[in-house]
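Reader: I have the sequence and the model open side by side, and I would like to go through a few places in it with you. Could you take my questions as they come?

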Amino acid sequence: MWTYYLVLLDADMVLRVSPEWDWAKLDGRDVYNLVQISGVEYENVRMIRRDTQNIRVVGATHEYYDVPSGSSQQTLPKALIPIDDVGDGKAKGDKFERDERLLRRELEKDPNNLRTVFYLANTLKDQGKYAEAIPYYVRRATMGGWFAEADYSLYMLSTCYLALDDVDNARKYGELAAFGGMAKRAEPLYFLAFYLSQRHQYSLAWYYASLAAKVPKPAVSEALFISYDVYNYWVDYEL
């Protein structure tokens, strides 16, 4: 008897299926996560059994699939069946401005929505509104909930402070992001090293690059939006 799945792809996504992948490996679970690659890596619900009940799409933008507790779920191997998120959709011209409007409206209705706070911070940062993004990242980092969003908020706080040339706060949050969360990550250490190197502060840059080199790449289940190039070669190049 056949089991049918919905494969959820945007128009600017490509499903890369390796010749070594065997569809018979699907064992009838309700949901499968696929690893999306777009300069960063993260896992996302992208395959749902057609007869699965009560899965809802939640959010005004940056929406997600709310999978009921008790549903069977698995992440498929990135090496065999990833999604290449090309990101060249034609609706992206005013995406950040549109997202900001939607998220602010959503936050007015539900001020304690963790995901809305997180993506509003991201949207402001992506527009270069670093000072405006900072209080939302601070708020998300201390709200609890999904650890990966809180950890990533610490990382982005370091990024925002670097963009504002506030090195003391960038170091504070960079070190917290690297070592104070649920998973260690090298990216904030690398970007501190790069920033300092560009400003001829070589001893301090070497310190952070050396720390970054000792941090292994986390699994996609351990951290959000992993910048895999940092682990593959950027740290080595900086050193």
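Reader: Where does Phe 225 sit?
Author: In this predicted model, Phe 225 belongs to the loop that joins helix H7 (202–213) to H8.

Reader: Is Phe 225 buried or exposed there?
Author: Phe 225 is buried, because its relative accessible area is 12% and the cut-off for buried is under 20%.

Reader: And what is phi at Phe 225?
Author: Phi of Phe 225 is near 55 degrees, which is a positive value in a residue other than glycine. As background, most residues other than glycine have a negative phi.

Reader: Which residues does Pro 68 contact, if I ignore its close sequence neighbours?
Author: Once the neighbours within four places in sequence are left aside, Pro 68 is in contact with Gln 53, Asn 54 and Ile 55. Pro 68 itself is found in the loop between strand E6 (64–66) and strand E7 (73–75), and with a relative accessible area of 28% it is partly exposed.

Reader: What separates the C-alpha atoms of Pro 68 and Gln 53?
Author: Those two C-alpha atoms are separated by 8.7 Å, while Pro 68 and Gln 53 are 15 residues apart along the chain.

Reader: Switching to the helices, which residues of H1 are buried?
Author: In H1 the buried residues are Asp 99, Glu 100, Leu 103 and Leu 107. Seen down the axis of H1, they fall within an arc of 105 degrees, so they line one face of the helix.

Reader: What is on the face turned away, and what covers the buried side of H1?
Author: The face of H1 turned away from its buried side carries the exposed residues Glu 108 and Lys 109. The cover over the buried residues of H1 includes helix H2 (114–126) and helix H3 (130–141).

Reader: How far apart are the ends of H1, given its number of residues?
Author: The 15 residues of H1 (residues 95–109) should span 21 Å at 1.5 Å a residue, and the end C-alpha atoms are 21 Å apart, which agrees.

Reader: How many of the residues of H2 are buried?
Author: H2 is mostly covered, since 10 of its 13 residues are buried. Among them are Phe 118, Tyr 119, Asn 122 and Lys 125, and the buried residues of H2 pack against H1, H3 and H4.

Reader: A lysine in that list; what does Lys 125 touch?
Author: Lys 125, which lies in helix H2, touches Tyr 130, Ala 133, Tyr 137, Met 156 and Cys 160, not counting residues up to four places away in sequence. Its relative accessible area is 15%, and Lys 125 is therefore buried.

Reader: At what angle do H2 and H4 cross?
Author: The axes of H2 and helix H4 (residues 147–163) cross at roughly 25 degrees and come within 11 Å. That makes H2 roughly parallel to H4. The contact involves residues including Phe 118, Asn 122 and Lys 125 of H2, and Tyr 152, Met 156 and Cys 160 of H4.

Reader: And how do H4 and H5 run, parallel or antiparallel?
Author: The axes of H4 and helix H5 (residues 167–179) come within 8 Å and cross at roughly 155 degrees, and H4 and H5 are therefore roughly antiparallel to each other. Their crossing is left-handed, and the contact is made by residues including Leu 154, Ser 158 and Tyr 161 of H4 and Ala 170, Tyr 173 and Gly 174 of H5.

Reader: Last one: what about H6 and H8, at what angle do they cross?
Author: The axes of helix H6 (residues 187–198) and helix H8 (residues 228–238) cross at roughly 30 degrees and come within 10 Å. That makes H6 roughly parallel to H8. Among the residues in contact are Tyr 190, Phe 191 and Phe 194 of H6, together with Tyr 231, Trp 234 and Val 235 of H8.

Methods: Residues numbered from 1 in each chain as written. Predicted model: local features only at pLDDT ≥ 70, side-chain atom pairs only at ≥ 80, totals over all residues. Heavy atoms only, no water. Helix = DSSP H or I, 4+ residues; strand = E, 2+ residues; numbered from the N terminus. Expected span 1.5 Å × (residues − 1). Buried < 20%, exposed > 50% of the residue type's maximum accessible area, 1.4 Å probe, protein only. Arc of directions from axis to C-beta. Contact = heavy atoms within 4.5 Å. Axes fitted to C-alpha atoms, helices over the stretch in contact; angles between N-to-C directions. Parallel < 35°, antiparallel > 145°, perpendicular 65-115°, else oblique. Left-handed = near helix turned anticlockwise from the far one by under 90°.
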